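Please read it alongside the sequence and the coordinates.

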Amino acid sequence: MKIQTQITEKLEQAFSPSFLDVRNESFMHNVPEGSESHFKVVVVSDAFDGQRLIQRHRAVNATLSDELAHHIHALAIHTYTPQEWASQAQAPDSPACRGGGK
């Protein structure tokens, strides 16, 4: 199973998101073609209501602990409640790779 698919399934199960975007951004880095090592996730969920940003990120990290330990080199996490997302409607772009990106 692809790492991106694993990430998507785990985040859907853990947070029942109203919006979920899992992007493989490995192509932006100096890695072999087809790599699955750099990801960006946007998770919009009622589960984040009343949680501070650090609590949200810890919850995502815990959910993806196996992938982070064995497969993922970098993970950009953007978490929102539906109310926050309604006023923002997009996550920030990832910065350019500073370690020899393409």
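## Overall architecture

The chain has four helices and three strands. From the N terminus on, these elements follow the order α-β-β-α-α-β-α. The model is a predicted one. Its mean pLDDT is 85, and 79% of the residues of the chain reach 70 or more. Confidence is highest in H2, at 97, and lowest in H4, at a mean of 90.

The chain comprises 102 residues, of which 36% count as buried. Its accessible surface comes to about 6,200 Å², and carbon and sulfur atoms contribute 47% of that area. Among the contacts in the chain with a separation of 6 or more, 63% are made by residues 24 or more positions apart.

## The sheet and its helices

The three strands form an open sheet with mixed pairing, in the order S1-S2-S3. Strand S1 (19-24) and strand S3 (74-80) stand at the edges with a single partner strand each, so one side of each has no neighbour in the sheet. From one strand to the next, the twist averages 10°.

S1 and strand S2 (residues 38-44) run antiparallel and are joined by six bridges. Within this pairing, Phe-19 has Val-44 as its bridge partner in S2, and Arg-23 has Lys-40. S2 and S3, by contrast, pair in the parallel sense over seven bridges. There, the bridge partner of Lys-40 in S3 is Ala-76.

Helix H1 (residues 3-15) lies across S1 and S2 and runs at about 160° to S1. Helix H2 (residues 53-63) packs on the sheet and touches S2 and S3, with its direction at about 130° to that of S3.

How many of the seven residues of S2 are buried? The strand is mostly covered, and seven of its seven residues are buried. In a regular strand, side chains alternate between the two faces of the sheet. In S2, His-38, Lys-40, Val-42 and Val-44 point one way, whereas Phe-39, Val-41 and Val-43 point the other way.

## Lys-40 and its surroundings

Lys-40 is located in strand S2. Its relative accessibility is 5%, under the 20% limit, and Lys-40 therefore counts as buried. Leaving aside residues up to four places away in sequence, Lys-40 touches Asp-21, Val-22, Arg-23, Glu-25, Ala-76, His-78, Ala-91, Pro-92, Asp-93 and Ser-94. Two of these contacts, Arg-23 and Ala-76, are also bridge partners of Lys-40.

Asp-93, another of the contacts of Lys-40, lies in the segment after helix H4 (82-88). Lys-40 and Asp-93 are 53 residues apart along the chain, and their C-alpha atoms are separated by 9.4 Å. Is Asp-93 buried or exposed? With 72% relative accessibility, Asp-93 counts as exposed.

## Aromatic pairs

The structure holds three aromatic pairs. A pair of aromatic rings is described by the distance of the centres and the angle of the planes. The table gives these values for two of the pairs.

| Pair | Centre to centre | Angle between planes | Class |
|---|---|---|---|
| Phe-15 and Phe-48 | 5.2 Å | 35° | tilted |
| Tyr-80 and Trp-85 | 5.1 Å | 50° | tilted |

The pair of Phe-15 and Phe-48 links distant parts of the chain: Phe-15 belongs to helix H1 and Phe-48 to the loop between S2 and H2, 33 residues apart. Phe-15 counts as buried at 8% relative accessibility, and Phe-48 counts as buried at 0%.

Tyr-80 and Trp-85 are likewise buried. Ring pairs link these two residues and Phe-19 into a cluster. Phe-19 is also the residue of the sheet that has Val-44 as its bridge partner in S2.

## A positive phi at Ser-16

Most residues other than glycine have a negative phi. Ser-16 is not a glycine, yet it has a positive phi of about 40°. This residue is found in the loop between H1 and S1. Ser-16 is exposed, with a relative accessible area of 58%.

Terms used
Residues numbered from 1 in each chain as written. Predicted model: local features only at pLDDT ≥ 70, side-chain atom pairs only at ≥ 80, totals over all residues. Heavy atoms only, no water. Pairing = 2+ DSSP bridges. Helix = DSSP H or I, 4+ residues; strand = E, 2+ residues; numbered from the N terminus. Axes fitted to C-alpha atoms, helices over the stretch in contact; angles between N-to-C directions. Contact = heavy atoms within 4.5 Å. Buried < 20%, exposed > 50% of the residue type's maximum accessible area, 1.4 Å probe, protein only. Areas by Shrake-Rupley, 256 points an atom, 1.4 Å probe, with all protein chains shown as cover. Phe/Tyr/Trp six-rings, centres within 6.5 Å; stacked < 30°, edge-to-face > 60°. pLDDT = per-residue confidence, 0-100.
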